[in-house]
Structures are given as structure tokens and as C-alpha cells.
Amino acid sequence: MKIVLIGFMGSGKTEVARLLSEKLNLEFIDMDDLVLEKSSRKTINEIFNKDGEKYFRELEVQVAKKLSSLDNIIVSSGGGVIMNKITMNYLTKNSTVVYLKLSFDKSVERVKLKKIRPPLFKNIARAKKLFKIRQPIYESFADIIINTDNKNVNEVVDDISVKLK
Ligand code: S3P
């Protein structure tokens, strides 16, 4: 079994994937971590600032390619993977794609709680534009859609477990 979580920044992909990995006995994989390992930088922000977003997206393709040959994993993807067809071709291979849906206001609320603000969330107006562009694209890739606005991580995990059956 292979599960890929997609969704906008702040949707809870990482926390949900970590919990679900224990419940389903799958290996937890965070794409941003693997991208960082491939780079010579210490943070995602540093990659964006010093190498640029294009380079970051190239690393994402490489990571997605590596993941396409693995099984028994649950992947927390980066919020922007859906914008790249090649990345998505790799990520959707033999996998169930779960979209963690949330409103833009919730996204802002949750991102504010993070220690480090993601690079594409520095400007709220721009983040909102991205959100609008991306929402239908997340939906188009989703096998399962979970509305996360008023749910905690445990409730989201339970919802996914039910829908996987
Ligand atoms: C991005 C989301 C981030 C990270 C990078 C780009 C995006 O991941 O991959 O900052 O384009 O939405 P999270 O969604 O885990 O914050």
C-alpha cells in the first residue's frame, strides 16, 4: 500500500502522515526532508532564497522519481507538487492520493503557528492567489478528499482510515 497526502500549506500533511504511518504500519516519508538531503542547504527557505524555486522543483522531481519505486510508504508531499506533471506522474504511480482540504483562513491560522514560515507564505495576498489556483488541481488528483477545517489530527486520521476500507 502506498498513500500520498497532498494539500496546501498548513493542511497538516506531515502530522497526519506521521500518525497514519504508525496506525497502518507504513514507512513515513516527508518529501521536504528528502529534498533537503539532496541539496546543500539547511532549510527549504534557504533553497528558495539561494537556488530559486525552479531548482527546488527539480529536486522534487528527483525525489518523486525515487519514491515511485517504493511500496508500503506514506508520503507527506510538499504543497506545490501538484503544479508539476512529471512529479505527479511519479507520485500517483500505484498510490492512493488523499487530499487534505482546508479553507484559506484555516491555512493562514495554522501556518502562523509554525516556527518557520514557508517561503511561499511570506506574502499573504500571493499565498491566497496560489490557494485559488491550486484548489481545483488538488481535487483533480485526489482519490479521497478529507475536509480538515474543524478536525484535529486524530479525527483526520480516523476519517482517512474509514475511507481507505
Ligand atoms: C510549498 C510547500 C512547502 C514546501 C515548499 C513549497 C508549496 O511544503 O514544499 O515551501 O509550494 O506550497 P508544505 O506544504 O509541507 O509546507
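Where does the ligand sit? In the largest pocket.

Some ground rules. This is a predicted model, where local features need pLDDT of at least 70 and side-chain atom pairs need 80 or more, while totals for chains, interfaces and linings use all residues. Residues are numbered from 1 along each chain as its sequence is written, and side-chain values use heavy atoms, leaving out hydrogens and water.

The pocket, then. A pocket here is an open set of points on a 1 Å grid over the protein atoms alone, where a 1.4 Å probe fits, with protein on both sides within 12 Å along at least five of seven lines. The largest pocket holds about 1000 Å³ of space. That volume is what probe spheres set on the points fill, with points joined across faces, edges and corners.

Its lining has 41 residues, each with an atom within 4 Å of a point. Nearest the centre of the pocket are Thr 14, Asp 32, Lys 114, Ile 116 and Pro 118. By class, the lining splits into 15 charged, 13 polar and 13 nonpolar. Charged means Asp, Glu, Lys and Arg; Gly counts as polar.

Which helix gives the most to this lining? H1, with 4 residues. Helices are DSSP runs (H or I, at least four residues), numbered from the N terminus. Others supplying at least two lining residues include H2 (31-38), H6 (104-112) and H8 (153-164).

Polar contacts are N or O pairs within 3.5 Å. Arg 57 puts a polar side-chain atom 2.7 Å from a ligand oxygen. A polar side-chain atom of Arg 134 also lies 2.7 Å from a ligand oxygen. Gly 79 uses a backbone N or O atom, 3.0 Å from a ligand oxygen. Alone, the ligand exposes 390 Å², and the protein buries 93% of that, by Shrake-Rupley with a 1.4 Å probe.

Key
Polar contact = N/O pair within 3.5 Å; in protein donor to acceptor, adjacent residues only side chain to side chain. Sits in = over half its atoms within 2 Å of the grid points.
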